[in-house]
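Visitor: I'm new to this structure. Could you take me in for a close look at one part, the aromatic rings and how they sit together?

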Amino acid sequence: MFVTDSVSVFAEGTFEEQIQELVEYAVRGRPDDERASVLQALKNIVGIEGEEKPAEIDIDHRRSALQLVLDNTKGVGQGTEQEIEGFFNLLFSHLFTLWPDSSPEISQHVASLLSTLSASPSEQSSVKYRVLSNLFNATPRTSTLRPPIYTTLLELAASNGQLDLVPFSKPDLERWLKEWSVSDEEKSRFLKFIVDILVQSGRPETAYEYRLLYVQSLPPSSELRQSAAVDAIAAALRQPTVFDFEPLCKLEAVIAAKDHELFPLLQIFLDGGPPELKTWADNNVTVLDAYDLDRSELEQKIRLLALSSLAFDYIGRDLSYSQISSTLQVSPSEVEKWTIDVIRAGLVSGKLSQATQTLHVVRSSARKFEREQWEALEKRLLAWKTGLASVIEVVANAQRCGSTGDVAEAIKGEQGAQVESTA
């Protein structure tokens, strides 16, 4: 949420004095006769400066007075940014004091204010972001008013190309969805809005994270469930930076779409390689076109994933260029390029050796982590544990003999044996 210090310049004085200053600000810059008419209407409601009025204005008259302010709030007004923010802060304060946040009246008033702020001149965008943020923070955490307020804030920022000025995070959004007293359907609509606004703002990678939340939020009975799942599959395949397909494949809506024409392609990216992709792509050209999938980009992505999977089996060992060439179905001269690409993508860490034509693998990401991957990890841990115990024993023996050189040689020899044992 946009962080700012709330500034109130109208907070002092009685209710009548505060309302009068709000009205005077709202009508600032209007013709004299119009200003006089509005101020007279306020006097008729609450009585100002010597006019007869009750010792304490009842709530109905207070609501009527604030309604007058609301009716005359046609924009952000003619004032400094400090005055604008202060005006709306006090207006919000009286609004939530005079009506329960769950009342239909306050929903109507907030909707009107949101429309007014959205329609105000775009050059005042920064203060409007603060005003809307203050309104969001002024509402109770569970309020049904929060989704439309935040939606307006994001729409406004996106329309001005300033979405960076309204930072938000996935944890924040997940927490808000749990707090808001709105239906599951409304929560799904809000998530879909987040996805759409991010895509429209040129942030498809970030939108993908929220797309998964959106798909997960849809119940089995929803007519939108399958289309949302298919859209998520296509987005994952389309994005060059999405390599982890396991969270997507675990969604119930995606599993339920197993008969869809795009699902076999998703399976290839989960555990297949270049040969499987070639076969599928040759037979499904129309499917690629229908979902705006570029074959060359898919081939690049599957090669990176295939190399990552291959390297996972060689952690702590040397992987030959010839094996990489065979797995990726590329010429030996292209191996180094692909290896550098997979390292840049963060899927593999290692060191290339032109002399030995190998990649020494330090770390690699598994495309999926199931029984086979757990067994491989267990095997490596046991080998390292055994090797470490042997090193400790060798060091102890060498220390008893009092030879530092023997200790170094023993460790070096044991490390070599340990690497061999992980093969």
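Guide: Let's start with Tyr210, which is buried, with a relative accessible area of 3% (buried means under 20%, exposed over 50%, partly exposed in between, using a 1.4 Å probe and protein chains only). Keep in mind that this is a predicted model, where local features need pLDDT of at least 70, side-chain atom pairs count only at pLDDT 80 or more, and totals for chains, interfaces and linings use all residues. Residues are numbered from 1 along each chain as its sequence is written, and side-chain values use heavy atoms, with hydrogens and water left out.

The structure holds 13 aromatic pairs, and one of them is Phe168 with Tyr210, a tilted pair at 5.7 Å centre to centre with 55° between the planes. Rings of Phe, Tyr and Trp (its six-membered ring) pair if their centres lie within 6.5 Å; planes under 30 degrees apart count as stacked, over 60 as edge-to-face and the rest as tilted. This pair links distant parts of the chain, 42 residues apart: Phe168 sits in the loop between helix 7 (146-159) and helix 8 (170-179), and Tyr210 in helix 10 (residues 204-217). Helices here are DSSP runs (H or I, at least four residues), numbered from the N terminus. Phe168 has 19% relative accessibility, so Phe168 counts as buried too.

Another tilted pair is Phe190 with Phe193, at 6.4 Å centre to centre and 35° between the planes. Both of these Phe residues are buried. Phe168, Tyr210, Phe190 and Phe193 belong to one aromatic cluster, which also includes Phe136, Tyr150, Trp176 and Trp180.

Technical notes:
Helix = DSSP H or I, 4+ residues; strand = E, 2+ residues; numbered from the N terminus.
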